[in-house]
Amino acid sequence: MFVEQSAPAHGNTNARFLQQHILFLLHHRCKTTRHLAQIHGHITTNGFTSKSFVLVKLLALYTSFNNFPRAHQLFDQMDNPSTSVWNQILRGYSIGGNPRKSFELFNYMGRSLARPDGHTYNFVINGCAKGGLFGEGEQVHGRVMKSSFCSDIYVMTSLVDFYVKSGGEDGVGKAKLVFDEMPDRNVVTWNSLLLGFFRCGDVDGARRIFEEMPVRNVVSWTTMIAGCAQKRRCKESLSLFRSMQKEDIEFDQVTLVAVLSACAELGDLNLGKYIHSYVFESFAYRRKPILISLKNSLIHMYASCGEIEAAFGIFKRMEKRTIVSWTSMITGFAKHGYGDEALSVFRWMETVEKESNIRPDKVTFLGLLCACTHSGYVNEGRHYFRSMTVDWGIEPTIEHYGCMVDLLSRAGLLDEAHELVKSMPMKPNDVVWGALLSGCRIYKSVELASDVAHWLTEELEPQRAADYFVLLSNVYAAAKKWEDVVAVRRKMLDIKTKKPPGLSWIQIEGSIYEFMAGDRSHENARMIYDVLDEITKEARCQRQDKNDKASHFTRFGRRSFLRPRVS
């Protein structure tokens, strides 16, 4: 047996030496539940079941092997468990998926001889945060305030984190109250509060907290960069990254994931390429493991910046892929109009699905439907829309219905698209109706457009209706129904809706310049519009040449990314 093979050879070993040997086995040789059972038997046989330091390690191993019934049985057999033993069972339940049990045991501990310490409160508070036990967490907070740990920096930091995770402005407000009452704070405390402001959507408040921080670490900077990127303040996100570089703060792979997200949103290919080369030089070249999430972010960045071949190059070289990897590649191909490639990647994923335990999710099917829409693959779109429910058990969301309505409408199947809208299990939104209205414009279906107009008038908020009213007006104009055009324009004036101007941006020498339709505030506005007129004229002149090339492209086919080029 395992223990017999590992035990000391001579039989007169003293108790102290035997204890050391058992601890050695627990720390270094216990790799399976079978090993653990043998060592436990050895402990019982030699009378060490009252040794607190042995029991703590034994409990830790049972909970790490997810054997909570045996751990609890062992705990119940103890007469007067020490605080260390209590902490171990509380910790096990807190991180092992049953925080409520941890809280219940904490209440039992209050009736025992053992007294809670800082570790006790930390384990229980963190468990309440993880399990969403907000009422229970506030009870623990009350116990903390009555104890000597109300000034313990680690316990109070756990409380700040607990209230942040409770969600909403109310939770962040309570976190701020705890924060303000703390006599001392560390960088973890500040980081928790910083994250809280982002979670409730207060980016400016988060920025103020960040500026007030006496010390910032890589987590502080990463939280700011990621938070700004997620709230669509990507220019600010990249500005923070450059400030981080100037202050010689060493960034990690998680930071780069956040920066790449902002690069993808802004189309900052130059910075994205710099990060890619940095990753290669700092990690791959030195044989350091690279996070799959970082590789996924590189795929997303290149695809968003139009470099689909570079994106696919990274994807092909990945030794291990997650569903995010596959979905990012499918979506990237779809957005660039490579429908065949997108569907081929999905079929490739299906062939490895059983081996790698990868299953498509809702976002994967959204990418597939997007590919079918952009390529006009109606039959394939119908197939995947049905397959996601029948074959994979995934219920379509309103986004999936929107894609299907768009696909059918673009193909001129307006009646089928309208029937699909009426059969939706949820209320159609403006995107769904807008897709149908776009089809009406293409195929001049005035009657159906009028039905959609009724919904626009009754359901949509004025500030969101402008684009659709303009689209409806175009439908009527294409059918030469000028009275209806006037009526739509009058309706827009009545409800005080106005079409928001288009916005675009370009990057020149590292700086991003924004342009808004009709805006003449720039000091070189006249020169900009002159150049724009010249570009427009050039584009019109080259339209015929472009059509000729497209015809050639159709006749001779295009290179597939999924097979090598023939030289």
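Author: A word first: this is a predicted model. Now to the helix pairs.

Reader: How are H21 and H22 oriented to each other, roughly parallel or roughly antiparallel?

Author: Helix H21 covers residues 339-356, and helix H22 covers residues 362-375. Their axes lie 8 Å apart, at an angle of about 150°. Angles over 145 degrees count as roughly antiparallel. H21 and H22 are therefore roughly antiparallel.

Reader: Which residues of H22 does H21 meet?

Author: H21 passes H22 in a left-handed crossing. From H21, the residues involved are Gly339, Ala342, Leu343 and Phe346. In H22 they meet Thr364, Phe365, Leu368, Ala371, Cys372 and Ser375.

Reader: And how are H8 and H9 oriented, roughly parallel or roughly antiparallel?

Author: Helix H8 (residues 118-131) and helix H9 (residues 134-146) cross at roughly 155°, and their axes come within 9 Å. The contact is made by Tyr121, Val124, Ile125 and Cys128 of H8 with Glu136, Gly137, Val140, Arg143 and Val144 of H9. The crossing is left-handed. With the cut-off at over 145 degrees, H8 and H9 are therefore roughly antiparallel.

Reader: Is serine 94 buried or exposed?

Author: Serine 94 sits in helix H6, residues 83-95. Its relative accessible area is 4%. Under 20% counts as buried, so serine 94 is buried.

Reader: What length has the polar contact between the side chains of asparagine 191 and serine 220?

Author: Asparagine 191 lies in helix H12, residues 187-199. It counts as buried because its relative accessibility is 9%. Beyond four places in sequence, its contacts are Met213, Asn217, Val219 and Ser220. The polar contact between the side chains of asparagine 191 and serine 220 is 2.6 Å.

Reader: Which residues touch the most other members of the largest nonpolar core?

Author: In soluble globular proteins, nonpolar side chains tend to be buried together. The largest nonpolar core here has 153 residues. Beyond four places in sequence, methionine 301 is in contact with Leu260, Cys263, Ala264, Leu269, Gly272 and Lys273. The residues that touch the most other core members are Met301 and Met329.

Note on methods:
Residues are numbered from 1 along each chain as its sequence is written. This is a predicted model: local features need pLDDT of at least 70, side-chain atom pairs count only at pLDDT 80 or more; totals for chains, interfaces and linings use all residues. Side-chain values use heavy atoms; hydrogens and water are left out. Helices (H or I, at least four residues) and strands (E, at least two) are DSSP runs, numbered from the N terminus. Buried means under 20% relative accessible area, exposed over 50%, partly exposed in between (1.4 Å probe, protein chains only). A polar contact is a pair of N or O atoms within 3.5 Å; within protein, one must be able to donate a hydrogen and the other to accept it, and residues adjacent in sequence count only if both atoms are side-chain atoms. Contact means heavy atoms within 4.5 Å. A nonpolar core is a set of buried Ala, Val, Leu, Ile, Met, Phe, Trp, Tyr and Cys residues joined through side-chain atoms within 4.5 Å. Axes are lines fitted to C-alpha atoms, for helices over the stretch in contact, and angles run from 0 to 180 degrees between N-to-C directions. Angles under 35 degrees count as roughly parallel, over 145 as roughly antiparallel, 65 to 115 as roughly perpendicular and the rest as oblique. A crossing is left-handed if the near helix is turned anticlockwise from the far one by less than a right angle, and right-handed if clockwise.
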